[in-house]
Amino acid sequence: MITALQVSGGGLPLLFARRRRRAFRPPQAVASDAAAAAEGTAREDGGKVALGGSGVAVTKLGVGAWSWGDTTYWNEFRWDDTKLKAAKGAFDASIDCGITFFDTAEVYGAGVSGAINSESLLGRFIKERQRKEQVDVAVATKFAALPWRFGRGSVICALKASLDRLGVSSVELYQLHWPGIWGNEDYLDGLGDAVEQGLVKAVGVSNYSEKRLRDAYERLRKRGVPLASNQVNYSLIYRNPEENGVKAACDELGVTLIAYSPIAQGALTGKYTPESPPKGPRGRIYTPEFLTKLQPLINRIKEIGGSYGRTSTQGNVVPIPGAKNAEQAREFAGALGWSLAPDEVEELRSMARQVKPVIGFPVEKL
C-alpha cells in the first residue's frame, strides 16, 4: 500500500511512506495500518533542518493549517464540531509522531473566508496540549500584503494581532504571504523590525519570484537579517520553482524552500478519480479531464511503490502538506526518511511533465 508520496525538488528529496506488497488503497483507508509505523519512523528520523541561515531549526516535515476553519476553499463550504475535532486530531497526531512545525496565516479562516481563524485554532491546540505535557511547537505565520496596508509599522501591527490570536509572545517564522502591489520595501523593513524587537526568530517570504527573492535577500542582508525561506507551490506535477529560477536561487543564497501543496492538494494520493473529483474550488483545477490524464502517473506510483530506500530526505526543501485529520497527519509522518531510487524518481518526473495542472499564484511571474 502507499500512504503518501511527495517529490519536492532540487536534490530529489522524496518522501514515500511504507508500502506493503498488497493492493493499493487510498490514504484514508490505510491510515489505521500505518499509524504505528508512522510514529516510529518519524521519531527515528526526528532530526531537524535549519531555515536558511537564521539559526532556527524545524522538523523536516511540517503541517499546513490552511484548511483549519476555512469555508471558501476547503471543507465543502462549512465548518462544524466534527471538522474542529478532526483538525485537533491532526495537530495531536502530528505532535505524537514528532512533527512540531506548523504553518498558518492571518487570512486562513479569517473574515469572509472562514468560520474561525486558523491562527486561533492553532493557538488553542497548542495551549490544550501544553496542559498535558511540555512540547516545543515551531509556528510559522504570514502577513497579508493588502493594498491598504502602508509602512513598516503595518507589519508589526499585523504580527502583534497574529501573536495575540496564537497566544504566544513570538513565532519561529514570520513571512510576507505575497508581494504587495506597492510598499514591499517597507514590508521587508517591517520584518527586520520584528526580528530586532524579538517578536520573531526568523523571517521569510512566500510566492516570491526569483527577482523579488534576490531583492528581499539583499535588503535584509544589509540590515544583518538573514532571509530564512521562500514558501511556494511545489509538487511532483507543479515544478515551476525549478523552471522559473526560484529553486536555484534558494539553493545559491541558502534560503530554505518551503513547499506548500506538495501532494497537489490530495490529487497525488489517489484519493480522487475522474468519477469522483474533489468538491468546491479544487474541482475547477482537478477536473475529471485532468484526473483522467493523471491516472497513468498514479498507477505507476502504485506499481513502483515497493521500491524504496531507507535514506534521509535531501536538499533545501521543507514540505508542509495540509492535514485535516489524524489519519492524514500520521501518514505524512510515515513518509519521513524514505526515498525511491533515482531512476524511479526520474521516471515519475518524466510522466508528471505531461500532466501539469493549470494553477499558480499570479505574482510568481512578477
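A residue counts as buried when its relative accessible area is under 20%, as exposed when it is over 50%, and as partly exposed in between, with a 1.4 Å probe and protein chains only. By that rule Ala202, with a relative accessible area of 3%, is buried, and 58% of the 366 residues of the protein are buried as well. This is a predicted model, in which local features need pLDDT of at least 70 and side-chain atom pairs count only at pLDDT 80 or more, while totals for chains, interfaces and linings use all residues. Residues are numbered from 1 along each chain as its sequence is written, and side-chain values use heavy atoms, with hydrogens and water left out.

**Overall make-up**

- The protein has 12 helices and 14 strands, which are DSSP runs numbered from the N terminus (H or I of at least four residues for helices, E of at least two for strands).
- Among contacts (heavy atoms within 4.5 Å) in the protein with a separation of 6 or more, 77% join residues 24 or more positions apart.

**Nonpolar cores**

- A nonpolar core is a set of buried Ala, Val, Leu, Ile, Met, Phe, Trp, Tyr and Cys residues joined through side-chain atoms within 4.5 Å; the largest one holds 83 residues, of which Trp68, Phe91, Tyr174, Ile237, Leu294 and Leu297 touch the most other members.
- Helix α10 (residues 288–304) gives this core its largest share, seven residues.
- A second, separate core has 13 residues, including Leu51, Phe101, Val318 and Ile320.
- Leaving out residues up to four places away in sequence, Phe91 touches Trp68, Phe102, Leu122, Phe125, Ile126, Arg129 and Val137.

**Helix pairs**

- Axes are lines fitted to C-alpha atoms, for helices over the stretch in contact, with angles from 0 to 180 degrees between N-to-C directions; those of α10 and helix α12 (residues 342–352) come within 9 Å and cross at roughly 170 degrees.
- The pair α10 and α12 is therefore roughly antiparallel, given that angles under 35 degrees count as roughly parallel, over 145 as roughly antiparallel, 65 to 115 as roughly perpendicular and the rest as oblique.
- Pro296, Leu297, Arg300, Ile301 and Ile304 of α10 meet Glu344, Glu347, Leu348, Met351 and Ala352 of α12.
- This contact of α10 with α12 comprises seven nonpolar, no polar and three charged residues, where Ala, Val, Leu, Ile, Met, Phe, Trp, Tyr, Cys and Pro count as nonpolar, Asp, Glu, Lys and Arg as charged, and the others, Gly among them, as polar.
- The axes of α3 and helix α4 (residues 153–166) come within 7 Å and cross at roughly 45 degrees, so α3 is oblique to α4.
- In that pair, Glu119, Ser120, Leu122 and Gly123 of α3 touch Ser162, Arg165 and Leu166 of α4, a contact with two nonpolar, three polar and two charged residues.

- Ala202 lies in strand β9 (residues 200–206) and, apart from neighbours within four places in sequence, is in contact with Ser54, Val56, Glu172, Leu173, Tyr174 and Ala228.
- Glu106, in the loop between β6 (101–103) and α3 (118–132), counts as buried at 10% relative accessibility, and its contacts, not counting residues up to four places away in sequence, include Asn117, Glu119, Lys142, Arg149 and Arg165.
- Ala216 belongs to helix α6 (residues 210–222) and is buried with a relative accessible area of 0%; not counting residues up to four places away in sequence, Ala216 touches Leu188, Val205, Tyr208 and Leu227.
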